[in-house]
Amino acid sequence: MTLSESLAGLPAFFLFFALSLALLAVFLAVYVAITPYTELSLIREGNAAAAISLAGAVIGFVLPLARAVTQSVSALDLVAWGGVALVVQVVVFFSVGKLVPRFAEAIKEGRVAAATLLAALAVAVGMLNAAAMTT
């Protein structure tokens, strides 16, 4: 294989990579908007619970997004599956909020147990989401 043959896929790479980064930015904007606390401010203050919960949500979103990149047949396909991944993570957040009383207050107060539960469920559901995507 020649170098030019190897680089023939570069435009598709840049498109899918840029779309993935844009989808991640949209996810972060939506996620921090729906939470009843300000993750980035809490993280800047050293709140480990906020960092753990946000990190779990990001990983839980990116796992199915990465799967979508590998199987999407078009940019629109990637955006659609990225939207599905976003909705699933929002549902996880609200579900944990229903299961754990005073969940938001626990994160604000830096309680790592609640954050670890949210992060673990976000990653687990993200993995299931990615696995459920079929070609």
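Mentor: Before we start, contact here means heavy atoms within 4.5 Å. Keep in mind that this is a predicted model.

Trainee: Thanks! Which residues does Asn-47 touch, not counting residues up to four places away in sequence?

Mentor: Start with where Asn-47 sits: in the loop between H3 and H4. Leaving out residues up to four places away in sequence, its contacts are Leu-42, Ile-107, Lys-108, Glu-109 and Gly-110.

Trainee: Does Asn-47 count as buried or exposed?

Mentor: Buried means under 20% relative accessible area. Asn-47 has 10% relative accessibility, so Asn-47 counts as buried.

Trainee: How far apart are the end C-alpha atoms of H4?

Mentor: H4 covers residues 48–71. With 24 residues at 1.5 Å a residue, H4 should span 34 Å, and the model agrees, because the end C-alpha atoms are 35 Å apart.

Trainee: At roughly what angle do the axes of H2 and H4 cross?

Mentor: Two packed helices are described by the angle and the distance between their axes. For H2 and H4, the crossing is right-handed. Their axes come within 11 Å and cross at roughly 150 degrees.

Trainee: How many nonpolar residues does the contact of H2 with H4 have?

Mentor: Residues of H2 including Phe-16, Leu-23 and Tyr-31 meet residues of H4 including Leu-54, Phe-61 and Val-69. By class, this contact has no charged residues, two polar ones and 13 nonpolar.

Technical notes
Residues numbered from 1 in each chain as written. Predicted model: local features only at pLDDT ≥ 70, side-chain atom pairs only at ≥ 80, totals over all residues. Heavy atoms only, no water. Axes fitted to C-alpha atoms, helices over the stretch in contact; angles between N-to-C directions. Helix = DSSP H or I, 4+ residues; strand = E, 2+ residues; numbered from the N terminus. Left-handed = near helix turned anticlockwise from the far one by under 90°. Nonpolar A, V, L, I, M, F, W, Y, C, P; charged D, E, K, R; others polar. Expected span 1.5 Å × (residues − 1). Buried < 20%, exposed > 50% of the residue type's maximum accessible area, 1.4 Å probe, protein only.
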